[in-house]
Amino acid sequence: MGPGEMVQAAAMARRFYLEGKSKIQIAEEFGVSRFKVARVLETALERDLVRIEIRVPAELDAERSDALRAHYGLRHAVVVETPPDQADAPDPENLGAVAAGLLGELVDDGDVLGLAWGRSIITMANALERLAPCTVVQLTGVYDVGTTERGSVEAVRTAAAVSGGEAHPLYAPMVLADPATAAALRAQSGIAAAMGYFEKVTVAVVSIGSWEAGISTVHDALTDKEREHYVGLGVAAEMSSHLFDAQGRRVGRDLGERCITIEADRLRRIPEVLAIAGGRRKAGAIDAVLRSGLVTSLVTDTAAAEQLLSSTAPAPRPALDRADPDE
């Protein structure tokens with residue numbers, strides 16, 4: 001490029017990239033065709049006269065986020081850098097804070113927000129800085145044994161306090177001893193009132209567990225014999241007390257009869273379902289739940305994303321279809 005061409009290219013690039021003018025507007029200003037403007041802008045990029053730099057916070061992996069979103073047909077996928085010392089840990093600590101930021105984008109004024117149980121969900125609630133005015137309801141009973149967090153009931157109250165909306169917690173365990181006990185609890189007025197909001201939920205946040213000790217709350221709540229029974233059914237993942245095999249099909253549906261939780265069919269009807277889960281040990285479980293069609297968005301980490309994207313298994317049904325693999 002000669003000096004005249006270079007100066008003109010710089011001026012056009014400044015109008016287009018910095019001032020936001022259209023190619024037609026630039027063409028009129030310089031007395032050339034819009035096709036000429038397009039060629040000049042393209043040449044400016046090729047000759048390194050213009051450099052386009054895309055910057056996101058260092059903790060976000062934009063490339064893997066986009067690849068994961070496209071692979072599973074998700075509405076949103078955010079991949080967070082795994083802390084060096086947490087590659088094998090389930091749900092690295094930074095997931096909750098990033099999910100809090102995403103939830104602030106997803107919730108609009110008047111929404112009904114549903115929160116399931118999960119350590120990352122509790123962390124997310126505590127990290128919330130902004131949330132549009134909304135009603136907040138608890139989607140599952142509690143399982144706070146062995147945790148140091150303040151609990152899922154408190155997470156619902158915290159989110160409601162940030163949003164300025166109503167809180168509807170569930171004062172009940174997640175897993176009961178038998179279906180009769182669970183049915184009796186569901187009939188109690190306070191619990192029934194909270195569960196009455198399930199049909200109104202527009203945005204939900206859930207967690208995902210692998211079927212192993214310490215990584216699935218439901219696994220830890222059952223007896224050894226019960227765990228073996230569900231292993232025999234091929235369980236690979238758990239979400240809100242619902243069990244899934246590696247293909248995303250629901251198994252062990254009898255467990256739902258003794259759980260306080262939102263039904264899978266209702267969960268599928270919620271427009272936006274955000275899952276928070278990460279770590280290499282959860283990659284298989286995340287894949288299974290994404291294949292179920294119940295989740296529309298995901299916050300995960302690079303350790304899990306690497307495994308999810310390296311899989312040679314056939315591409316799952318897009319999550320946005322909300323397709324049930326059992327049908």
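Predicted model: local features only at pLDDT ≥ 70, side-chain atom pairs only at ≥ 80, totals over all residues.
How much space lies in the largest pocket? About 420 Å³.

The largest pocket is lined by 28 residues. If you want to find its centre on screen, look for Pro90, Asp91, Arg119, Ser120 and Lys282, which lie nearest to that point. Two helices, H6 (119–127) and H10 (217–221), each supply at least two residues of the lining. H6 gives the most, with three residues. What sort of residues make up this lining by class? You'll count nine nonpolar, twelve polar and seven charged ones.

Next comes the second largest pocket, where about 170 Å³ of space lies. Sorted by class, the lining divides into four nonpolar, three polar and five charged residues.

Now for a space of another kind. Rolling a probe the size of a water molecule over the atoms shows where empty space is left. How many cavities of 30 Å³ or more does the count come to? The count comes to one, and the volume of the largest cavity is about 30 Å³. Around the largest cavity you'll find Ser241, His242, Leu243, Arg250, Val251, Gly252, Arg253, Leu255 and Gly256. Strand S8 (242–244) and strand S9 (250–251) each bring at least two residues to the cavity lining. That lining splits into three nonpolar, four polar and two charged residues.

Helix H1 (residues 3–18) packs with helix H2 (residues 23–30) at an angle of about 140 degrees, and their axes are 10 Å apart. Because of that angle, H1 is oblique to H2. The crossing in which H1 passes H2 is right-handed. Which residues make the contact? On the H1 side they are Gln8, Ala11, Met12, Arg15 and Phe16, while H2 brings Lys23, Ile26, Glu29 and Phe30. Taken by class, the residues of this contact are five nonpolar, one polar and three charged.

Note on methods:
Residues numbered from 1 in each chain as written. Heavy atoms only, no water. Axes fitted to C-alpha atoms, helices over the stretch in contact; angles between N-to-C directions. Helix = DSSP H or I, 4+ residues; strand = E, 2+ residues; numbered from the N terminus. Parallel < 35°, antiparallel > 145°, perpendicular 65-115°, else oblique. Left-handed = near helix turned anticlockwise from the far one by under 90°. Contact = heavy atoms within 4.5 Å. Nonpolar A, V, L, I, M, F, W, Y, C, P; charged D, E, K, R; others polar. 1 Å grid on protein atoms, 1.4 Å probe; cavity = no way out; pocket = protein on both sides within 12 Å on 5 of 7 lines; lining within 4 Å. Points joined across faces, edges and corners; volume = space filled by probe spheres on them.
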